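Good morning, and thank you for coming. I would ask you to keep the structure in view while I speak, and to find each residue as I name it.

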Amino acid sequence: MKKLILGIFLILAGAAGGFWATADDDMKALVSSMPTDANVLFWNTAQRDAAFRAMDRIPILAKSNIIESGDDVYPLPKGAPIKIATDVDAYMKAQRTAGLVIVQDGKIRLEKYGLGFTGNGKWTSFSVAKSFTSTLVGAAIKDGYIKSIDDKVSAYIPDLEGSAYDDVTIRQLLTMTSGVKWNEDYADPKSDVALFNQHKAKDGMDVTVSYMRTLPREAPAGTKWVYKTGETNLIGVLVSSATKKSLSEYLSEKIWVPFGMEQDGSWLLGSTGHEISGCCIQASTRDYARFGLFMMGGARIKGASILPDDWIVPATTKQADIGAPGKGYGYQWWTYDDGSYAAQGIFGQGIFIDPKRRLVIASNSNWPKATDPNTVGKQREAFYKAVQAAVDAEAKPVAE
């Protein structure tokens, strides 16, 4: 028996040694700091540093679908370095930034990495994925799968009939004005956002639908804005139900391949097999920047937009008042009154788009807390303004 146990131990040790010898740096870091809690909101900083670059490689956390890329890559030529009146290295250190790509006038003006991350890696998006999901709604309308954003959500997700969502429209989901009660407190383990992905779904029902249909109403539909990740997950179920395609497949078909993303992406799945559409796309920082360019260019593929003609302007301008001067919420985009807009995710993920300056800033980070608008959040807003000022300074004529 002792010989048998020793033999098994040697075999396992040899297999582990072989794995370690062939594993890349990201996988080694992940194994060294493997999260023990399935809920990302309660991982420590070291666990997040290791996992955010490898979320689709943790099958005990979630399975994933591949977002396939094609052979033709959208070019991102290097331009002259942009002169920003900010210490970029100090900014990245304070933000705990893994990747920062600034594209202006179609050229990369700055590209830097930190936390041991590189341009070849993929970082998770968190709620940046919301803006991808809402864009697929527009594509589904253009393709004829969805009639109108004024349709009732329950017409596409029958399991919501009889719930507080029965009278909610797609438009109200997109603008997060359903009036259904929800708690998005990332620090509260009892909040809806902490609990709904761990919910045990009713037999045959999507896990998000199963959870969201139990929520009560707190205001008439269309009258109150409250940020709700669960509602973006409903939007994803709606798109999949309407198109009869997975979100990963539809995103690949409509944007990833034809626009020319550089790498395959991935999208994590919930317990019942749908993509977690309010979260969890994995992609390179450059490909996040490419998505910004795609939107800024009118969502055009070979000269024709994949979205309805009346989509981008309302999607990226204020449709709901969020109680912050100069800002608002569109169709799953954060909006600014100067015409710029952004996709944002917890822990410092973002795509900032400024059409007037032909500017896109893609960033991936691991903030100390999920969200902190008065410190790292405020600092990021100041950095956006500093980059805008740098672009404006270049545009001014040189005095004779």
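This is a predicted model: local features need pLDDT of at least 70, side-chain atom pairs count only at pLDDT 80 or more; totals for chains, interfaces and linings use all residues.

Let me begin with a term: two residues are in contact, or touch, when heavy atoms of theirs lie within 4.5 Å. With residues up to four places away in sequence left out, Trp 311 touches Ser 134, Val 137, Gly 138, Ile 141, Ile 149, Leu 174 and Tyr 331.

Residues are numbered from 1 along each chain as its sequence is written, and side-chain values use heavy atoms, with hydrogens and water left out.

Where does Trp 311 belong? Together with Val 137, Trp 311 has the most contacts inside the largest nonpolar core, which has 98 residues. Such a core is a set of buried Ala, Val, Leu, Ile, Met, Phe, Trp, Tyr and Cys residues joined through side-chain atoms within 4.5 Å. Buried means under 20% relative accessible area, exposed means over 50%, and partly exposed is in between, with a 1.4 Å probe and protein chains only. Helix H5, residues 128–142, gives the most to this core, namely eight residues. Helices (H or I, at least four residues) and strands (E, at least two) are DSSP runs, numbered from the N terminus. Another core lies apart from the largest one; it has 19 residues, including Leu 359, Ile 361, Phe 383 and Ala 390.

I turn now to the strands. Two strands pair if DSSP finds at least two bridges between them. Strand S10, residues 334–336, is joined to S11 by two bridges, and the two run antiparallel. Thr 335 has Tyr 341 as its bridge partner in S11. These two strands form a hairpin with four residues between them, and Gly 339 in the turn has a positive phi of about 100°. S11 also pairs with strand S12, residues 349–354, in the antiparallel sense over five bridges. Here Tyr 341 has Ile 353 as its bridge partner in S12. In this second hairpin there are three residues between the strands, and Phe 347 takes a positive phi near 65°.

Is S11 enclosed or open? Five of the five residues of S11, residues 341–345, are buried, so this strand is largely enclosed by the rest of the structure. Tyr 341, Ala 343 and Gly 345 point one way from S11, while Ala 342 and Gln 344 point the other way.

S12 continues the pattern, pairing with S13 in the antiparallel sense over five bridges. Their hairpin has four residues between the strands, with Arg 358 at a positive phi near 50°. Strand S2, residues 97–104, also pairs with S13, antiparallel and over seven bridges. Ser 363 is the bridge partner in S13 of Leu 100 and also of Gly 350. Seven of the seven residues of S13 are buried, so S13 too is largely enclosed by the rest of the structure.

What does the side chain of Asn 364 make polar contacts with? Its partners include the side chains of Thr 285, at 3.0 Å, and of Gln 349, at 3.3 Å. A polar contact is a pair of N or O atoms within 3.5 Å; within protein, one must be able to donate a hydrogen and the other to accept it, and residues adjacent in sequence count only if both atoms are side-chain atoms.

Next, the aromatic rings. Rings of Phe, Tyr and Trp (its six-membered ring) pair if their centres lie within 6.5 Å; planes under 30 degrees apart count as stacked, over 60 as edge-to-face and the rest as tilted. The whole structure has 26 aromatic pairs. One of them is the tilted pair of Phe 126 and Phe 347, with 5.8 Å from centre to centre and 55° between the planes. Phe 126 lies in the loop between strand S4 (123–124) and H5, and Phe 347 in the loop between S11 and S12, so the pair ties together parts that are 221 residues apart in sequence.

Finally, the structure holds one disulfide, that is, a pair of cysteine sulfur atoms within 2.5 Å. It joins Cys 279 to Cys 280, with 2.1 Å from S to S. The torsion about the S-S bond is about 75°, so this disulfide is right-handed. Thank you for your attention.
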